[in-house]
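Open the model in a viewer and keep the selection panel at hand. The stops below say what to select and what is there.

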Amino acid sequence: MLLPSLLSEISSHDLEVAETLIGILRFVLIFVGARTLSEILVRLELPTILGELLAGVIIGASGLHLLVPPETQVQLSGAFSDVIAGMAHIPAEEVSVLYNESFGALQSVATLGLYSLLFLTGLESELDELMAVGKQAFSVAVVGVVLPFALGTLGLMSLFHVDAIPAIFAGASMTATSIGITASVFGELGYLRTREGQIVIGAAVLDDILGIVILAVVVSLGAGGSLDIAPIIQLVVAAVLFVVVALVLSRKAAPAFDWVIDQLNAPGGKLVGSYLLLGASCFAATAIGLEAALGAFAAGLIASTSKHRHEIQAAVTPIVGLFATVFFVLVGAGMDLSVINPSDPEARSALVIAAFLFVVAVIGKVVAGWAVFGKEPTNHLVVGLGMMPRGEVGLIFLGLGTASGLLSPGLEAAILLMVIGTTFLAPVLLRLVLKDKPPEDGNQVPEEFAADPLGGSS
């Protein structure tokens with residue numbers, strides 16, 4: 001509700017005009033900034049998701065102050081206020097009040113983008129292909145989660161004296177692997193169907209599952225503010241059971257889900273049905289004390305075996321492209337990068353923490369590449385590098401940590417630099433390692449396993 005003093009000074013029509021102009025201008029800034037930088041990065045063969053993040057940094061609290069989340073306590077740009085004030089005929093000093101009051105609507109759009117992105121991530125999880133290299137993917141995933149999580153958490157607590165819950169969250173943020181970025185690079189180089197490619201994709205799926213389970217537990221613990229063993233065990237068991245139920249339902253409930261979708265004959269039925277499943281799963285996760293983000297990912301897993309999967313994916317992808325952009329730009333906009341200014345002696349500790357997290361993030365995933373067991377020849381370095389980029393999944397972790405208030409500005413910036421560094425470095429190193437190796441030299445997944453991972457008749 002608007003402040004009474006503001007209501008008494010400004011007519012309702014002028015208020016409505018000002019709020020509309022503020023909302024439109026914010027969206028224009030978000031999409032123009034994100035698209036401009038994404039177009040630059042795609043021409044450099046770099047992940048476009050970083051363009052959205054950097055756009056937020058440039059127009060946000062660390063840059064031009066045109067997009068400033070209220071919690072940052074950063075003053076809105078005078079140019080923004082003057083434009084709105086002149087067009088809506090209200091005092092310039094009141095624009096920032098309206099801006100903050102209406103910011104919740106933009107955050108709701110960003111949340112929808114986040115849940116849609118997690119739903120799509122689960123939907124694109126190739127559970128059958130994961131089973132084809134299941135043992136190798138499992139070992140890589142476990143090492144790729146445990147090693148960076150343990151080293152990051154213990155290192156932050158012992159070396160930098162970070163409190164337990166923020167340290168655990170930062171450790172959890174390093175467990176993720178970006179399926180999209182790795183798959184894109186392997187696909188461009190013709191290595192997606194190789195043994196190494198399938199191990200990485202399978203391990204990335206497991207990493208996301210394990211990482212989101214850890215994330216759900218940490219955020220719930222952060223809300224309670226305690227590290228008592230009983231609640232931790234309860235949350236871990238609940239999160240694991242929730243994912244297991246989702247995996248079971250992906251096999252057993254697909255016919256029922258397909259039947260519901262088939263009954264929806266009006267335009268957009270598959271999209272609406274998918275978001276009903278998404279909403280129900282988020283509700284269920286929240287109701288048992290977990291993060292709704294885990295429910296969104298689980299909903300995608302449930303729908304991943306639907307006969308309408310590709311049509312659902314085609315319908316959801318534009319939603320993700322639109323609303324997830326808002327989420328990533330807001331993540332960047334909320335970052336206070338002044339805490340890592342090298343010229344500021346007090347800020348150097350954040351840079352040291354960022355360097356520590358980056359080194360641990362790289363080592364943890366590269367070492368995981370050597371956790372592939374079996375007689376088949378495997379390029380362990382390719383597997384390790386393929387696991388390195390945190391990408392959009394790391395940014396999801398960062399965004400949730402920021403929203404929950406678990407992270408200090410310095411730790412937020414350090415995690416951001418870790419995500420950016422690994423996401424930029426991995427595609428470059430993979431191209432260097434694989435550029436002289438034609439795809440046919442890769443270790444191809446046998447056709448019978450690619451077609452039927454269980455080895456049975458179809």
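Select Leu210 to begin: with a relative accessibility of 33%, Leu210 counts as partly exposed, where buried means under 20% relative accessible area, exposed over 50%, and partly exposed in between (1.4 Å probe, protein chains only). Leu210 lies in helix α11 (residues 195–224); helices here are DSSP runs of H or I with at least four residues, numbered from the N terminus. The model is predicted, so local features need pLDDT of at least 70 and side-chain atom pairs count only at pLDDT 80 or more, while totals for chains, interfaces and linings use all residues. Residues are numbered from 1 along each chain as its sequence is written, and side-chain values use heavy atoms, with hydrogens and water left out.

Together with Leu210 they form a nonpolar patch on the surface, with about 330 Å² of accessible area (Shrake-Rupley method, 1.4 Å probe, only the protein chains shown counting as cover for residues). Patch residues have over 30% relative accessible area and no salt bridge, and nonpolar side chains (Val, Leu, Ile, Met, Phe, Trp, Tyr) are joined within 5 Å, like charges within 9 Å. A salt bridge is a side-chain nitrogen of Lys or Arg within 4 Å of a carboxyl oxygen of Asp or Glu. Helix α8 (residues 134–159) gives the largest share of the patch, three residues.

Next, the aromatic rings. Rings of Phe, Tyr and Trp (its six-membered ring) pair if their centres lie within 6.5 Å; planes under 30 degrees apart count as stacked, over 60 as edge-to-face and the rest as tilted. The count by this rule is six aromatic pairs. Select Phe27 and Phe31: the ring centres are 6.2 Å apart and the planes at 10°, so this pair is stacked. Both residues lie in helix α2 (residues 12–43), four residues apart, about one turn of the helix. Phe27 is partly exposed at 30% relative accessibility, and Phe31 is partly exposed at 27%.

Move to Phe80 and Tyr99. Their ring centres are 5.5 Å apart with planes at 85°, so the pair is edge-to-face. Phe80 belongs to helix α4 (residues 78–88) and Tyr99 to helix α5 (residues 95–101), so the pair ties together parts 19 residues apart in sequence. Phe80 is buried at 2% relative accessible area, and Tyr99 is buried at 1%.

What lies over the face of Tyr99? Arg26 does, at 4.6 Å from the ring centre; the rule asks for NZ of Lys or CZ of Arg within 6 Å of the ring centre and within 35 degrees of the ring normal.

Key
Helices (H or I, at least four residues) and strands (E, at least two) are DSSP runs, numbered from the N terminus.
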